[in-house]
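User: I would like a close look at one part of this model. Please keep it brisk.

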Amino acid sequence: MTNFGYTILIPILPFLMFLLLGLAGNKLKAKLSGLLGTAGLAVITLLSYFTAYKYFFAGEKAADGFHKIQAFNTVWLNISDKLHIDLGVLLDPISVMMLVVITTVSLMVHIYSLGYMKGEKGFERFFAFLSLFSFSMLGLVVATNIFQMYIFWELVGVSSFLLIGFYYTKPSAVRASKKAFIVTRFADFGFLIGILILSFNTKTFDFISLTDPTGPTFTQSTSAAFMGLSVMTWSMIFVYLGGVGKSAMFPFHIWLPDAMEGPTPVSALIHAATMVVAGVYLVARMFPIYAITAPVALHVVAYVGAFSSLFAAVIACTQTDIKRVLAYSTMSQIGYMMLALGVSGYGGHEGLGFMASMFHLFTHAFFKALLFLGAGAIIHAVHSNDMTDMGGLRKYLPITHWTFLIACLTIAGIPPLSGFFSKDEILAAAFEHNKILFAVEYAVAGLTAFYMFRLYFSIFWGKDTHYHHTPHEAPATMTVPLIILAAGSVLAGFIPFHSLVTSDGKPFDSEIELMVAIPSVLIGLLGIGAAYVMYRSANELPNKVAGFFKYGYKWAYNKFYMDEVYLFVTKKIIFRYISAPIAWFDRHVIDATMNLIASTAQNVSFRIRDFQSGQIQKYAFVFVSGAIGLAIIFIYFWK
Amino acid sequence: MSAGIPVQFFLILATVMFFAGIYGFLTRRNLITILMSVELILNSVNINFMAFNRYLYPNKLEGMFFSIFVIAVAACEAAVAIAIIINIYRRFTTINVEDVNEMKF
Amino acid sequence: MTSNQLMFILFALMIIVFSILTVTTRKILRAATFLLFVLVSTSGLYFMLDYQFLAGIQLTLYAGGIVVLIIFSILLTSHISQKFEAPGIKKVIFSALASAAGAILAIVTLLDYHFAASTEAAKEINMNLIGKSLLSVDKDGYVLPFEVISILLLAAMIGAIVIAKKGGPAKIQSTILNEE
């Protein structure tokens, strides 16, 4: 087996870069620190490509598929012989694929940010945070054990928090970052519980032994049950809860749209391409356990994914803030991936869903990053997030226009763009396993095409808007990443995923099923057509349609009042009936006890400080009387 | 020359002198008179030393030498104390001990 | 009553009366004078006890040195004719009680105790013996305390000069305090 030890550099380098930029950033020139961060990431990108080449194509493939390789491992926290937490690098098809995705998108975002963030206050801080995020995300995907994953899981949460709140003088950004952090943190609590249950039952944190189908997880797992479900199922559901939070699935999705308060490159990197798919990656990482010992949990994954994708797609059709539309679209696409995992089986052709999910993750990263970066370029030019302020931009932003169009076509699933292939695999997998979910996803495919082209037509066609100053195309640092990502979106579909990334490492045959493909393309075209009719040029049709779905439209426009529900639950129920009494108890019992002790001490001190009067003769008098008293005691009473 | 006088007489005399000094130390306000009280106390101790030496250990000289050293120490103490008193007088323009009470809470 | 008993009573009375007057008189120069009387009477006691050398030291150093020093400082800091205000009655009563209690306790204890008078022959004390003892390193030699006391005296001298010097620590201190 070839030596992969150098892969430890992949997470280490961004960390060093973070330390450098974070500690010395304000000493460096802003431009230099940006270039440094980008250069560091370029090196890592090359390393990741090299690793991918070596892993997939350079003779690593054994007769029975790809093996998991533990390239590096060190004991980080040694509690006892049985309980120790390791840090290391694990290479297998999905982690290598993720390395490629993360480094590519991150590099593109770094380059793009050089232009987009130019002249912003805190330019070097931005790059420091980006490096921190890259470090955390890379550490997450190469985690050798579930605890390492948890550590980096929290670290990406922190870097996400820092980047959403990058404009920390803006109250809405501060609120959004807090919301994102608290909501995901709440979900991560479930993840932690899941880890504890799981490792208590399997006596290991290590992924290799956890997911080995012949290992102790599957042979020795206890049959203990709770509320009709086995312990393993419960632990997997809890673990999935963490994924729900991070991947913004219903009902923990509320943070993602608000997270768009962050700079647009951040939205592209974290809230579209990499961090939000961590939940998918988590389920994929634990997939053998889900598929073999906890099928019920896998059903939960599938239904939550399907519901979220439909839910988000409906909301996306009504929003006018372009970044929010993209955020809901992200949520919807991640729902797709979750669903694909949920309908998948383990091994061989049964694992089609797993492969499809990873495939879609891969292609989605490209086209969604492209969409966000394109949106960034538009916002850069128009200085507004709202699509009602836009229109006719195709004349001013030609490169952005074409790349955006490619991305929209890709997400709509038009062949031969990459989105078609991966979405088709997902639909095929759903079709084979669950017709209801297939129907949902089929509808979502149409909705996706509709809302994406609603966005496209509103921005680039539609009414002719008069701008205060003529919008101009973004600089090369911003357009080059767009072009590269567009190329990626076009070509990524031709990667033979079914022979590279599969549930058990073994390749299987897969071909496009016309039964599924043709209708899905048709509904995509239908969605595009509807959008064309309604938004190609300004007309009354959208309002009429909205009037037709009067209440439905209103509900969807207000995101089904999920934020309000949360506010009701937290403010009216949790704050009033749980937090308020606790606060009362804290203030009136615990604090009061402390205050009593403190005030007693203070009162006593005030009383006795008069002893220290500065009158030497008083001291002397006390001393003499004491000496005489002691003499009397010792002479007469101490016998 | 001390024949016919019991040792207790000397000791009682020293005791009275000692407590007169204590009384002065406790009641006087003027720093110089307090210093005088201290001299009384030291002097009474010297009397004790001499009496013990003469009556109990007439063939030794410890008591006498101790008295000599006490006198030397008393001289040092007086010198330094008076320097301090003069300094205090400059600082507070008084040597009333009750007015010199900066060192309190 | 032999003559030396008479002498003792005379000295003892002087000491007691002048001690008490020293601590009670309300004129400071008188207090110093009474202190001088006490110290002179004490040296008389030393003569009675056959310690002529110490009696001499007492006269020169105490009566001659310290009392003069005290009188000088009185002249520097007070008006000679100034009469003290009487100390607070409470203070007087409590101090007197404490002193009386201590004195009574000590005297009662003294009288209870039996002092075994030595029967050994008294050593003849002359200057030769004192000088040799002070500089001797043998048993019954006092060269070490002698050296220590010399250094102490030197240190006290320097300290007194430094403290009392005008513009010494006091001035610096007071300027700091005034600035505050």
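How many Å should the 19 residues of helix α5 (residues 146-164) of chain A span, and how far apart are its end C-alpha atoms?

Analyst: This is a predicted model: local features need pLDDT of at least 70, side-chain atom pairs count only at pLDDT 80 or more, and totals for chains, interfaces and linings use all residues. Residues are numbered from 1 along each chain as its sequence is written, while chains are lettered from A and ligands numbered from 1 in the order in which they are written.

At 1.5 Å a residue, the 19 residues of α5(A) should span 27 Å. The end C-alpha atoms lie 26 Å apart, which agrees. The expected span is 1.5 Å times one less than the number of residues. Helices are DSSP runs of H or I, at least four residues, numbered from the N terminus.

α5(A) is also mostly covered, with 15 of its 19 residues buried. Buried means that 20 or more other C-beta atoms lie within 10 Å of a residue's own; exposed means 12 or fewer, partly exposed in between, with C-beta atoms placed from the backbone.

Now another helix of chain A. V490(A) sits in α20 (residues 476-491). V490(A) counts as partly exposed because it has 19 C-beta neighbours inside 10 Å. Beyond its neighbours within four places in sequence, V490(A) contacts I406(A), L417(A) and S418(A). Contact requires C-beta atoms, placed from the backbone, within 7 Å. F367(A) is 123 residues from V490(A) in sequence, yet their C-alpha atoms are 8.8 Å apart.

Key:
Helices (H or I, at least four residues) and strands (E, at least two) are DSSP runs, numbered from the N terminus. Two residues are in contact if their C-beta atoms, placed from the backbone, lie within 7 Å.
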